[in-house]
Every structure is written in structure tokens, then in C-alpha cells.
Amino acid sequence: WEKPHRGALLIEIGWFSTGRGPASRTLLAAVWEAVQRGDLGLRLRFVFCNRERGESEETDRFIDQVEGYGIPLRTLSFARFRAERSGRGMGLNHEAFADWRVEYDRAVIDLLPDRAPALVVLAGYMLVMTPELCGRFTCLNLHPAAPGGPVGTWQQVIWQLIDSVATESGIFMHLVTPELDRGPVVTYCRYPLVSPATAEGWRQARDAAPGSLQAGLGEALPLFQQIRALGVARELPLILATLGAFSDGRIEVVNGRPCGNRGTPIEGIDLTREIE
């Protein structure tokens with residue numbers, strides 16, 4: 001599950017995913033294939049999945065994929081863990097996690113190798129990480145907005161962009177902290193939301209009564225779909241470019257902060273030109 005890379009560092013990474021759909025498999029496949037080609041100096045040390053075989057057909061396919069690659073796999077069913085504790089604290093508070101949620105993340109840590117990898121990539125991992133995991137690993141996550149932009153799920157981000165009549169958006173990779181979607185930005189790219197292709201969608205949004213877009217077509221709204229497509233097209237390239245920047249030594253994490261190759265703190269590297 002590793003291959004020599006042309007003149008770059010060999011970075012050990014872990015991979016967290018719920019494996020709930022084709023996108024999870026596509027992300028892992030792209031990184032795996034880049035490693036096999038020698039384009040990324042990575043060692044995929046383990047994959048962790050918070051579902052177990054039999055919980056979902058999609059996740060079963062993801063598990064098959066990981067096992068087919070020969071990457072060490074660890075699983076712990078979040079649904080079963082929660083049910084065994086009778087759903088205590090199921091109204092998850094990001095400021096103060098319920099005891100059973102902390103217990104779950106401690107159990108996850110116990111399953112994984114004692115020596116932490118340099119990075120853990122969250123790739124379709126559908127759980128908020130407690131301080132237990134944030135403190136144990138240096139985790140990278142993708143957020144579907146430009147730095148300083150909307151927070152929340154990708155659906156929430158898109159509605160906020162539409163409501164604010166945003167002219168531009170982006171995506172960024174950031175270090176995971178207990179403050180949701182607000183960890184230090186590592187890399188990012190930006191892209192315009194206004195173009196001839198989106199002009200009719202923006203006209204429709206401008207003419208609609210407040211709140212009617214979500215209540216009407218909802219996510220089937222053409223503008224919603226167009227904005228989503230613009231972001232999705234750039235997600236995989238940004239993940240690959242970010243991992244490449246780590247393996248090339250352009251980025252490292254020092255004392256919980258992203259730094260350049262001379263150890264100087266950075267506010268995120270703009271990879272827009274590379275991504276486009």
C-alpha cells in the first residue's frame with residue numbers, strides 16, 4: 001500500500017470515511033491510483049470506517065474496495081455503539097460532546113496503530129470529531145466554501161450563497177479543531193458564481209419571494225445544482241494537490257499550524273491556478 005515517489009517525502013496518512021456513497025470510493029481510488037503511479041509520496045497506513053459490513057450496501061462496496069487495495073481496515077459501528085448506550089446525548093452539542101460520544105472516539109483511537117500517521121484525511125466522514133480525536137491526530141478536512149465563507153453542510157453553504165447573492169465561492173482544506181469548520185486553512189481555491197451559464201438561475205433567484213426557493217424546487221433548483229457542480233468539480237483536484245504539497249515539502253504542520261517549507265506559518269496556500 002505504498003510505492004516509491006519521484007524525489008519527494010514519503011508521508012504516512014490515515015483515512016477516515018463513512019463510505020456512504022460513490023464519492024467516497026472515488027476519492028480513495030484517486031489517491032490510491034496517484035500513489036501507485038508515483039505521483040504522490042504517500043503511504044496509506046490505515047482506513048477507518050464508522051460503519052461495519054452489513055449496515056449499508058454502499059459502505060460494503062467501500063469496504064470491498066479497501067480490502068482489495070490491501071490497506072489495513074478498522075471499523076467500529078457508530079450506530080451500534082449509540083444504540084448500546086440507549087441513545088444518551090443523541091442531540092449532539094458541538095460545544096460539549098455527550099459522554100458516550102467521547103467514549104466512541106476513545107474506542108476508535110484504541111483500534112488504530114499506536115504511532116499516529118503524519119496526517120489523517122477525513123473523506124466523507126460523517127461524524128464531528130471530539131477533542132479526543134483532534135488531539136490525537138493532525139486531521140485534514142475539506143469545506144465547500146471559500147476561506148471566511150459560510151459554514152455548515154454543503155447544502156447549507158449553497159443556500160447561504162444564494163441568499164447573499166454571492167458572486168464567488170471556493171473550497172478549502174483545513175486542519176480539524178473542536179471549532180467546527182474553523183480550523184486553520186491549509187489550501188484553497190476560488191471560482192466565480194456569475195457567468196452566462198448561471199445568469200438565468202440568478203435571475204430566477206432574484207425574482208423569487210424570500211424563502212420560496214427552498215420551499216419550492218429545493219435542491220432541484222437549477223442554480224442550486226449549478227453551484228454544487230462548480231464545487232464538486234474542484235474537490236478531488238484540491239485534495240490531490242494538497243496531499244501533493246505535503247509530500248513535496250511545501251507544507252508541514254508545526255505545533256498545530258500549517259507552515260511553509262521553512263517553518264513559517266501560512267494563512268493557506270492559494271491553489272486556484274493549479275486547480276483550474
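**Figure 1. F81 and Y104 are both buried in this predicted model.** The ring centres of F81 and Y104 lie 5.2 Å apart with planes at 80°, so the pair is edge-to-face. Because F81 belongs to helix α3 and Y104 to helix α4, this pair ties together parts that are 23 residues apart in sequence.

**Figure 2. F78 forms an aromatic pair with Y104, one of 12 aromatic pairs in the structure.** The arrangement is edge-to-face, with 5.2 Å from centre to centre and 90° between the planes. Distant parts of the chain are linked by this pair: F78 is in helix α3 (residues 78-84) and Y104 in helix α4 (residues 99-111), 26 residues apart. Both F78 and Y104 are buried.

**Figure 3. A cluster of aromatic residues is linked by ring pairs.** The cluster comprises F16, F46, F48, Y125 and F137.

**Figure 4. The largest nonpolar core contains 40 residues.** Within this core, I13, W15, V31, L42 and L243 touch the most other members. Helix α1 (residues 22-37) gives the most to the core, contributing 7 residues. Apart from this core lies another, of 22 residues, which includes F48, L76, F81 and V176.

**Figure 5. The charged end of R228 sits over the ring of W154.** The distance from this charged end to the ring centre of W154 is 3.8 Å.

Methods. Residues numbered from 1 in each chain as written. Predicted model: local features only at pLDDT ≥ 70, side-chain atom pairs only at ≥ 80, totals over all residues. Heavy atoms only, no water. Core = buried A, V, L, I, M, F, W, Y, C linked by side-chain atoms within 4.5 Å. Buried < 20%, exposed > 50% of the residue type's maximum accessible area, 1.4 Å probe, protein only. Helix = DSSP H or I, 4+ residues; strand = E, 2+ residues; numbered from the N terminus. Phe/Tyr/Trp six-rings, centres within 6.5 Å; stacked < 30°, edge-to-face > 60°. Lys NZ or Arg CZ within 6 Å of the ring centre and 35° of its normal.
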